[in-house]
Amino acid sequence: MHYRRFGRTELQMPVFSCGGMRYQQDWKDTEFDNILSENQKRLVGCIERSLAVGVNHIETARGYGSSEVQLGQILPQYDREKLIVQTKVAPAEAADFLKTFETSMDRLKLDHIDLLSFHGINNRNLLDLTLRKGGALEVGRQLQKEGRVRFLGFSTHGACDVITEAIETGEFDYVNLHWYWINQVNWPAIEAATRHDMGVFIISPNDKGGKLYEPSEKLRELCEPYSPMIFNDLFCLLRPQVHTLSLGVAKPEDFDEHLKALELWHDAEKIVAEVGDRLENELRRQLGFDWFARWQEGLPAWEDVPGEVNVWEILRLWNYAKALDMVEFGKMRYNLLGNADHWFPGKNAAELDVAAISRSVKDSPFAERIPGVLAEAHELLWDKPVERLSKSD
C-alpha cells in the first residue's frame with residue numbers, strides 16, 4: 001500500500017480508502033438484531049481484507065443505512081490507534097447535529113473518530129447552516145475540545161464555486177469531493193484545497209466515475225490491456241494533490257483490481273498517457289473536434305435555465321454515451337435528475353421548450369445544436385425516475 005500525508009491533519013492516509021456505502025445490508029437504519037449473519041459476515045470480510053492490504057481508513061456516514069451499526073460490531077476489536085475512522089453528519093441546527101452525531105457514536109461503539117465530515121455541503125444555504133454562529137461547526141469544534149473528534153472536513157456534490165468558497169473559509173481540514181477522468185470540473189477546488197493544506201479525498205471514482213465495475217464493452221476495449229478501473233486509479237493518483245480514492249467495495253474481492261493498479265505504479269505516467277490519448281481520440285472522432293474542445297463554453301447554471309434543465313450534466317452524459325457506449329452509466333445518472341434534491345440538482349430534458357432553451361444557451365458556440373442534443377439524450381437515456389439510494393445521506 002502507498003500512503004500520502006493527508007494535508008495538515010498529518011495523517012498518513014492510504015491512497016485507497018474503504019468507503020462504507022456498498023457493503024452494508026440495508027439503506028435504512030436498523031438495529032443490529034435485524035442484520036442477517038451472512039450480510040454481517042460479508043462486511044467483516046471487507047474490513048478484514050481492507051486492513052490486511054494496508055487500507056486502514058474506514059469511511060462511512062450516518063446516512064448509509066446499517067453501515068455504522070454493522071461496523072460497530074467489528075471496529076472496536078482492532079487497535080484504535082491503527083485505524084483512521086471517518087463518519088459524516090448532514091448540516092443541521094446545533095442540537096439536531098449533535099443528536100445525530102451521538103447516534104453515530106452509539107452505532108460505531110467508538111469513543112472518538114478521526115475525521116468528522118459535514119455531509120453534503122452542496123449549496124450556499126447548507127454552507128451557511130454549517131458556519132453560522134451557533135451552527136454545526138461550533139458543535140464540531142466543541143467535540144474536538146472534548147477529544148471525540150480529531151479533524152473536521154466536509155463532503156460535497158456541489159458546484160465548483162461553492163466547494164471553493166467553503167475551502168477558502170479556512171475552517172476545514174479536508175474535503176471529500178468528486179474528481180476523476182470523466183469529470184474533471186472540480187480541479188480548481190482541489191487546487192484551492194492544496195493551497196490551504198487540506199486533505200483531498202475523492203468520492204465515488206468507480207460508480208459516479210463511470211460505473212467502472214460494469215464498464216461498457218467499448219470503454220473496456222479502449223483501455224486494454226488495463227481495466228477502466230486501473231486507468232482511472234492511476235489517472236487520479238498521478239496528481240500528488242489527490243491523497244486517497246474511496247473504493248466503495250461491496251465484497252472482499254473488490255480490492256483486487258485496485259491493488260493491480262499499485263503494481264503498475266512504475267509505469268503510471270506511460271499508461272495514463274497512452275490510454276488517455278486513445279480515449280480522447282475516440283471522443284474527438286465520434287463527437288467532432290470542435291464539440292470535444294468547446295462543448296462546455298457558455299453554458300448556464302441549471303438554476304438559470306427555463307425548467308431548471310441541467311444542460312451541462314446532460315451534455316456530459318450524452319458525450320460519453322454517444323462516444324464510448326457508456327449508456328448504462330448515463331441512464332443511472334440521467335434518471336436521477338429531478339429526484340435527488342441538492343445532491344444532484346436540476347431536471348432532465350423531458351419537457352423541453354426549444355425556444356427557451358435556445359435563448360438560455362445563446363452564449364454557447366453550439367446554441368442552435370444544443371436543443372437537438374438534449375432531445376437525443378432524453379431519447380437515449382430516459383427510462384424511469386430513479387431515487388437516490390439514501391435520501392438522508
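Helices (H or I, at least four residues) and strands (E, at least two) are DSSP runs, numbered from the N terminus. The model here is predicted, so local features need pLDDT of at least 70 and side-chain atom pairs count only at pLDDT 80 or more, while totals for chains, interfaces and linings use all residues. Residues are numbered from 1 along each chain as its sequence is written, and side-chain values use heavy atoms, with hydrogens and water left out.

**Exercise 1. Work out how the chain is built and how compact it is.**

Step 1. Start with the elements: the chain has 16 helices and ten strands.

Step 2. Now take the radius of gyration, which is computed over C-alpha atoms, and the globule rule, which is 2.2 Å times the number of residues to the power 0.38. The chain comes out at 21 Å, close to the 21 Å that the rule gives for 393 residues, so it is as compact as a globular protein of that length.

**Exercise 2. Find how much of the chain is buried, and how far apart in sequence its contacts reach.**

Step 1. Buried means under 20% relative accessible area, exposed over 50%, and partly exposed in between (1.4 Å probe, protein chains only). Buried residues make up 57% of the 393.

Step 2. A contact means heavy atoms within 4.5 Å. Take the contacts between residues at least 6 apart in sequence: 76% of them join residues at least 24 apart.

**Exercise 3. Trace the aromatic pairs that involve F118.**

Step 1. Rings of Phe, Tyr and Trp (its six-membered ring) pair if their centres lie within 6.5 Å; planes under 30 degrees apart count as stacked, over 60 as edge-to-face and the rest as tilted. The whole structure holds 13 such pairs.

Step 2. One of them is F97 with F118, a stacked pair with 5.3 Å centre to centre and 25 degrees between the planes. F97 sits in helix α3 (residues 94–108) and F118 in strand β6 (residues 113–119), so this pair ties together parts 21 residues apart in sequence.

Step 3. Check the burial: F97 is buried at 0% relative accessibility, and F118 is buried with a relative accessible area of 0%.

Step 4. F118 also pairs edge-to-face with F172, at 6.1 Å centre to centre and 70 degrees between the planes. F172 lies in the loop between α6 (160–168) and β8 (174–177), 54 residues from F118. F172 counts as buried too, at 1% relative accessibility.

**Exercise 4. Which residues do ring pairs link into a cluster?**

The cluster consists of W179, W181, W187, F231, F235 and Y320.
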